[in-house]
Amino acid sequence: MQTGVLLITGASSGIGAATARAAAREGYKLVLAARSNDKLTALAHELGPENVLTCELDVTDMEQQKAMVEQALETFGRLDGVFANAGRGGSPGGFSEADHDAWREMILTNIYGVGLTIQACLPALKRSKGHVLLTGSAAGRTTIPGSMYSATKWAVTGIGYNLREELRGTGMRVTLIEPGMVDTPFFDEPPTHALEDRDIANAVIYALAQPAHVDVNEILIRPTPPLE
């Protein structure tokens with residue numbers, strides 16, 4: 001898919017907003033979804049509102065997800081790709097002491113919300129032979145002591161693999177985008193050695209830009225180790 005209509009969840013900041021900017025430069029029409037309507041409106045104004053639809057969205061609400069897709073189809077007539085990027089972090093303390101209420105919200109957002117986005121978008125994407133991209137994580141490929149967040153990203157890895165098999169033979173593609181540490185508002189304090197959000201956006205655009213016979217299954221991105 002060189003251009004088309006791309007839907008991005010978690011689009012109001014960080015990786016989502018950087019991807020929206022990168023995709024706009026490539027000529028995509030955009031459906032931008034997030035909880036923060038004010039930030040979405042400002043981003044749409046920056047990118048050119050004639051090519052952007054904004055949707056205030058709680059990814060754990062299926063009715064909102066369906067309404068978002070309906071709005072996208074009413075506005076642009078089709079959907080060519082979805083970047084299921086919305087996610088949240090956990091709390092310190094490991095399995096012994098972490099805030100279990102924070103676990104609930106994180107699990108619902110990072111796993112259930114991703115599943116709802118996929119299910120809501122699939123009918124339109126099947127018609128366009130579209131592309132599903134998921135924000136996984138390097139944390140979903142390794143062991144991190146006491147990390148429920150890592151466990152949710154292992155689940156996203158599994159969703160990507162299993163969705164790809166479900167869609168085999170349909171002409172659709174599924175890509176896992178798996179960043180290491182990224183300097184985004186996800187962190188209360190900026191990490192000292194990290195990727196930038198635009199680095200991840202570039203990976204998304206690369207996967208989208210491949211010809212139809214090329215399916216980029218996974219892109220694992222880590223910051224270059226610091227000089228010793």
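Visitor: What sort of model is it, and how are residues numbered?
Guide: It's predicted, so to speak: local features need pLDDT of at least 70, side-chain atom pairs count only at pLDDT 80 or more, and totals for chains, interfaces and linings use all residues. Residues are numbered from 1 along each chain as its sequence is written, and side-chain values use heavy atoms, with hydrogens and water left out.

Visitor: How many residues does H5 have?
Guide: Helix H5 covers residues 100-128, which is 29 residues. Helices here are DSSP runs (H or I, at least four residues), numbered from the N terminus.

Visitor: And where does H5 bend?
Guide: At leucine 122, by about 50 degrees, with proline 123 following within four residues. The bend is the angle between axes fitted to the seven residues ending there and the seven starting there.

Visitor: What comes just after H5?
Guide: Lysine 129, with a positive phi of about 50 degrees.

Visitor: OK, packing. How do H5 and H6 sit, parallel or antiparallel?
Guide: H6 is residues 148-166, and the two helices pack at an angle of about 15 degrees with their axes 9 Å apart. Axes are lines fitted to C-alpha atoms over the stretch in contact, and angles run from 0 to 180 degrees between N-to-C directions. H5 and H6 are therefore roughly parallel, a term for angles under 35 degrees.

Visitor: What about H1 and H2?
Guide: H1 (residues 14-25) and H2 (residues 37-47) pack at about 20 degrees, axes 11 Å apart, so they're roughly parallel to each other.

Terms used. Expected span 1.5 Å × (residues − 1). Parallel < 35°, antiparallel > 145°, perpendicular 65-115°, else oblique.
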